[in-house]
Amino acid sequence: MTHIAALPMYDWPELRDETDARWAGMRDHLRRQDIDAPEQLTRCNGAMPAVPGGIRDGQGHIIAADPASLPPDEFDLSVLWRHPDLLVAEACWGPMGLGLGSHVSVIGQTDYDGIAGGSGDFYSSVIIAHKGASGGEGQPVPPPPDGDARLPAAVFRERRFAFNEQDSLSGYLALKRDLEAVGESPAIFAEMVKTGGHRASIRTVAEGIADIAAIDCKSWALACRLEPAAKELHIVGWTARRKGLPLICSRTLLLGQVITAA
């Protein structure tokens, strides 16, 4: 069997060398346990082994497309996560709670120590707004030490909300659940703007196409380091602290808990 591995969630173009170095450490850890980890990470549909007829569950139902049928230079994470040869990949607890969890095993957790808003396996999302926007003035809001949500409802009301995907825990579901906990909902926003990614959401707010976005704390830390648009924004709130990105493998591989933190 040809195993595949991917660490796509923080694999920004500027960080490819860092991501590859992180994988090298994980790969060597797995190999010391006699697990045949691939030399390199998979980063596109064309690098995933073909699954003629589509990827099927244990009952024979198709749950994802054959990667060979998809644009080779794109990267469909829903196919990656369900691929029968998946040894290791970062995933998100949003899709995990919406069906993905029945097809994979969790073998580890991403570590957020040392990142503002993170603590061990747990992370929060920053709520960002433009520095010059109405309701966005003042000093950036620090992460609450108790990990509770800090929701500036006055900043939210009738604003445009940028989000990456509706099944994203950090970019949509966490804020939705925190709003519901205080008797609100995403209906508080005047408009919802889907961007497809955290970095795109940051740019969308900086460009004035949207007013508010929720960005997981690690992506925000990367943006502050690498994304010029982040300089136009600041933190106006936080979602509650939740479990960070899981590391998963295909259930067909029957691995144990082989990675505890990465």
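**Entry 1**

I began with β6 and strand β7 (residues 122-123), which pair in the antiparallel sense over 2 bridges. Strands here are DSSP runs of E with at least two residues, helices are runs of H or I with at least four residues, and both are numbered from the N terminus. Across this pairing, S119 stands opposite F122 in β7.

I then looked up the sheet around them, an open one of 3 strands in the order β6-β7-β13, with antiparallel pairing. Its edge strands are β6 (118-119) and β13 (242-243), each of which pairs on one side only.

A note to myself on the source: this is a predicted model, where local features need pLDDT of at least 70 and side-chain atom pairs count only at pLDDT 80 or more, while totals for chains, interfaces and linings use all residues. Residues are numbered from 1 along each chain as its sequence is written, and side-chain values use heavy atoms, with hydrogens and water left out.

**Entry 1: helix α6 and S201**

Next I turned to α6, residues 198-206, the helix where S201 is found. Is S201 buried or exposed? S201 is buried, with a relative accessible area of 1%. I use buried for under 20% relative accessible area, exposed for over 50%, and partly exposed in between (1.4 Å probe, protein chains only).

I looked up what surrounds S201. Setting aside residues up to four places away in sequence, S201 touches A162, F163, N164, T195, A213 and I215; contact means heavy atoms within 4.5 Å. With T195 there is also a side-chain polar contact of 2.7 Å. A polar contact is a pair of N or O atoms within 3.5 Å; within protein, one must be able to donate a hydrogen and the other to accept it, and residues adjacent in sequence count only if both atoms are side-chain atoms.

How many of the 9 residues of α6 are buried? I found 7, so α6 is largely enclosed by the rest of the structure. The buried ones are H198, R199, S201, I202, T204, V205 and A206. After α6 comes G208, with a positive phi near 80 degrees.

I moved on to the largest pocket, with a volume of about 920 Å³. Of the 36 residues that line the largest pocket, P8, M9, L77, G196 and G197 are the closest to its centre. The elements giving two or more residues to this lining are α2 (77-82) and α6, so α6 from my last entry turns up again. The largest share, 4 residues, comes from α2. I sorted the lining of the largest pocket into 18 nonpolar, 10 polar and 8 charged residues. For the sorting, Ala, Val, Leu, Ile, Met, Phe, Trp, Tyr, Cys and Pro count as nonpolar, Asp, Glu, Lys and Arg as charged, and the others, Gly among them, as polar.

The second largest pocket has a volume of about 240 Å³. Of its 15 lining residues, the closest to the centre are R56, D57, G58, H103 and T252. This lining divides into 4 nonpolar, 7 polar and 4 charged residues.

I noted how a pocket is found: on a 1 Å grid over the protein atoms alone, it is an open set of points where a 1.4 Å probe fits, with protein on both sides within 12 Å along at least five of seven lines, and lining residues have an atom within 4 Å of a point. Grid points are joined across faces, edges and corners, and a volume is the space filled by probe spheres set on the points.

**Entry 2: I63**

I63 lies in strand β3 (residues 62-64) and is partly exposed, with a relative accessible area of 24%. Which residues is I63 in contact with, leaving aside neighbours within four places in sequence? I listed I55, R56, D57, R82 and H103. I also checked V79, 16 residues from I63 along the chain, and the C-alpha atoms of the two are separated by 8.4 Å.

**Entry 3: loop residues**

Most residues other than glycine have a negative phi. With that in mind, I looked up D34, whose phi is positive, near 65 degrees. D34 sits in the loop between α1 (16-32) and β2 (55-56) and is exposed, with a relative accessible area of 75%.

E158 has a positive phi near 65 degrees. I found E158 in the loop between α4 (153-156) and β9 (160-163), exposed with a relative accessible area of 57%.

My last stop was D36, placed in the loop between α1 and β2. D36 is exposed, with a relative accessible area of 53%. Its C-alpha atom and that of A190, 154 residues apart along the chain, are separated by 50 Å.

Conventions:
Pairing = 2+ DSSP bridges.
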